[in-house]
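User: I have a structure open and would like to go through its contacts with you. Could we begin with the charged pairs and then move on to the rest?

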Amino acid sequence: MDYIIGVDIGTSGTKAIAFRLAGSIIAEYHVSYSLLNPQPGHFEQDPNVLLSAVIESIAGVVQTVKKGAVGTQLLGVGFSSAMHGLIAMDSQDQPLTNCITWADTRSESFATRLKGTPHGIGIYLKTGTPIHPMSPLCKLCWMRTHLPIIFSKAQKFISIKEYVFLRLFGRYLVDESIASATGLFDIYAFQWHAPALDLAGISSMQLSEPVPITYTLSGLTRRYANDMGIPVDTPFIVGGSDGCLANLGAHAVGAGEATVSIGTSGAIRMTSNHPVTDQQARTFCYALTDNLFVLGGAVNSGGVALRWYGENFGPAGAPQATAFELLANEASTVPAGAEGLVFLPYLAGERAPHWNAKAKGMFFGVQMHHRKAHFTRAVFEGVIYGMYSVGKVLEEIAGPIKVIHANGGFARSSLWVQLLADVFNRQVLVREESVEDAAKGAYIVALKAFGKISDFDALAHKSEQDRYDPNPAVYSVYMENFDRFGRLYDKIKDEF
């Protein structure tokens with residue numbers, strides 16, 4: 001029996017999942033790690049810690065498969081990873097910095113100056129990456145000014161997946177999906193964008209070679225092959241970014257199909273067969289292939305908003321999973337709309353649609369009749385309102401959303417998924433394995449690379465799905481609160 005491993009290198013951990021060729025999961029292995037926060041606004045990861053997590057997760061899942069399935073054969077390994085990371089590398093292929101992650105806001109002042117200018121808009125329209133501190137373009141401009149010695153010594157600037165492939169195969173390669181999220185890559189010409197490179201003060205020689213997501217390598221460094229317990233000639237498929245592959249893993253590649261993911265942060269995405277950008281630069285457009293693009297927006301406050309609320313105002317001493325369940329039960333005791341209480345979830349600034357790193361959170365409309373449960377429900381609703389504000393922009397530029405595929409940790413919560421259906425007034429589908437969509441997307445890319453499928457929609461809708469239908473009785477209540485949500489941001493944004 002052949003199987004494929006999908007590896008997803010995430011912000012808080014790396015997961016390796018073994019899939020049978022038909023798509024069922026036979027084993028998985030997860031390795032957790034923490035973000036480094038050396039000073040306010042700086043969020044980093046040690047690239048060698050993440051490399052070790054990749055090696056350990058693959059080794060773990062291979063051993064699990066060997067123990068439980070006789071006669072299995074590893075066909076190959078596909079990859080997904082988080083976007084927007086930046087590592088400076090020296091001439092000896094050693095890191096000069098940690099990986100500066102998407103959450104890092106140290107380049108905020110530069111991004112603020114560039115955002116909205118003709119130059120900034122021009123770069124966005126060509127690259128599809130909004131001007132924001134998350135962008136490697138902005139990180140490079142910050143580094144050029146504030147870390148000039150490191151900047152001048154750097155021979156390459158790469159992401160974490162590029163670092164992993166450098167160590168495994170000794171080559172600097174970047175998939176076109178990750179490249180298209182840097183703010184440095186022309187999503188029309190599929191090459192590095194000269195005006196963005198000039199702004200950052202680098203040349204294309206300081207970046208990795210862009211390759212398609214199905215690009216395949218073999219000839220592993222023997223040390224790492226031994227550590228993983230796999231042959232040195234095992235094919236590795238470079239894969240793509242977690243956001244793009246989550247859509248692929250959810251089989252949401254048709255017209256009008258959207259995915260909503262909520263983990264620590266959140267995102268809503270649709271696909272198109274051509275680049276679609278927004279004249280107001282409210283959304284991203286990333287390439288998956290030369291005829292499949294993922295457009296949408298990421299929000300900073302997903303599960304992190306509820307975790308903040310639970311840690312400070314939730315049940316004391318309860319494990320995180322239990323605390324979440326208790327909060328969801330508490331929120332369920334309050335009517336839709338939290339009786340007028342509105343929460344702006346911008347506890348860590350915001351990305352789409354505002355791209356405002358200075359945005360702040362707030363509760364509005366507090367009255368004597370509001371109890372703790374109202375505040376709890378308002379937090380759940382505020383996160384979905386933030387997602388809906390991006391969804392409205394997507395419908396404006398790309399056409400109506402017909403159905404939503406839910407994935408990420410929030411898909412386990414019936415309260416949150418029903419909220420999503422009710423606010424969007426659309427049916428929401430949740431597959432049993434939907435929380436693993438990025439890793440599944442990596443597996444699907446590997447299937448394509450091996451010629452096992454002819455196109456990416458070949459496996460669509462083959463798995464069982466739970467369906468959440470919108471409740472029309474509460475839609476008007478949510479829209480009244482959502483309109484207030486939007487007006488509040490516009491009225492107070494200058495106070496941030």
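Predicted model: local features only at pLDDT ≥ 70, side-chain atom pairs only at ≥ 80, totals over all residues.

User: Where do R171 and E209 lie?

Analyst: R171 is in the loop between α6 (160-169) and β9 (173-175), whereas E209 belongs to strand β12 (residues 209-211), so the pair ties together parts that are 38 residues apart in sequence.

User: Are R171 and E209 buried or partly exposed?

Analyst: R171 counts as partly exposed, at 33% relative accessibility. E209 is also partly exposed, with a relative accessible area of 42%.

User: How many salt bridges does the structure hold?

Analyst: The structure holds eleven salt bridges. One of them joins E44 to R106, with the closest N and O atoms 2.9 Å apart. Because E44 sits in strand β4 (residues 44-45) and R106 in the loop between β7 (99-100) and α2 (108-114), this pair ties together parts that are 62 residues apart in sequence.

User: Is E44 buried or exposed? And R106, buried or exposed?

Analyst: E44 is buried, with a relative accessible area of 13%. R106 is buried as well, its relative accessible area being 13%.

User: What about E395 and R426?

Analyst: Their side chains meet in a salt bridge at 3.5 Å, N to O. E395 lies in helix α13 and R426 in the loop between α14 (414-424) and β22 (427-431), so parts 31 residues apart in sequence are tied together. E395 is partly exposed at 26% relative accessible area, and R426 is partly exposed at 24%. Elsewhere, salt bridges that share partners join E44, D104 and R106 into one network.

User: Changing topic: which residues does H374 touch?

Analyst: Leaving aside residues up to four places away in sequence, H374 touches V334, A338, E339, L341 and H369. H374 is placed in helix α13 (residues 372-398). It counts as buried because its relative accessibility is 2%, and the cut-off for buried is under 20%.

User: Now the sheet. What is the strand order?

Analyst: Six strands form an open sheet in the order β3-β2-β1-β5-β14-β13, with mixed pairing. The edge strands, each pairing on one side only, are β3 (25-32) and β13 (216-217).

User: How many bridges join β1 to β2?

Analyst: Seven bridges join β1 (residues 2-9) to β2 (residues 13-20), and the two strands run antiparallel. Y3 stands opposite R20 in β2.

User: Which helix lies across β3?

Analyst: Helix α1 (residues 47-68) lies across β1, β2, β3, β5 (73-81) and β14 (236-241), and runs at about 150° to β3. Helix α10 (residues 242-249) packs on the sheet too, touching β1, β5 and β14, and its direction makes about 100° with that of β14.

Terms used:
Residues numbered from 1 in each chain as written. Heavy atoms only, no water. Pairing = 2+ DSSP bridges. Helix = DSSP H or I, 4+ residues; strand = E, 2+ residues; numbered from the N terminus. Contact = heavy atoms within 4.5 Å. Axes fitted to C-alpha atoms, helices over the stretch in contact; angles between N-to-C directions. Buried < 20%, exposed > 50% of the residue type's maximum accessible area, 1.4 Å probe, protein only. Salt bridge = Lys/Arg side-chain N within 4 Å of Asp/Glu carboxyl O.
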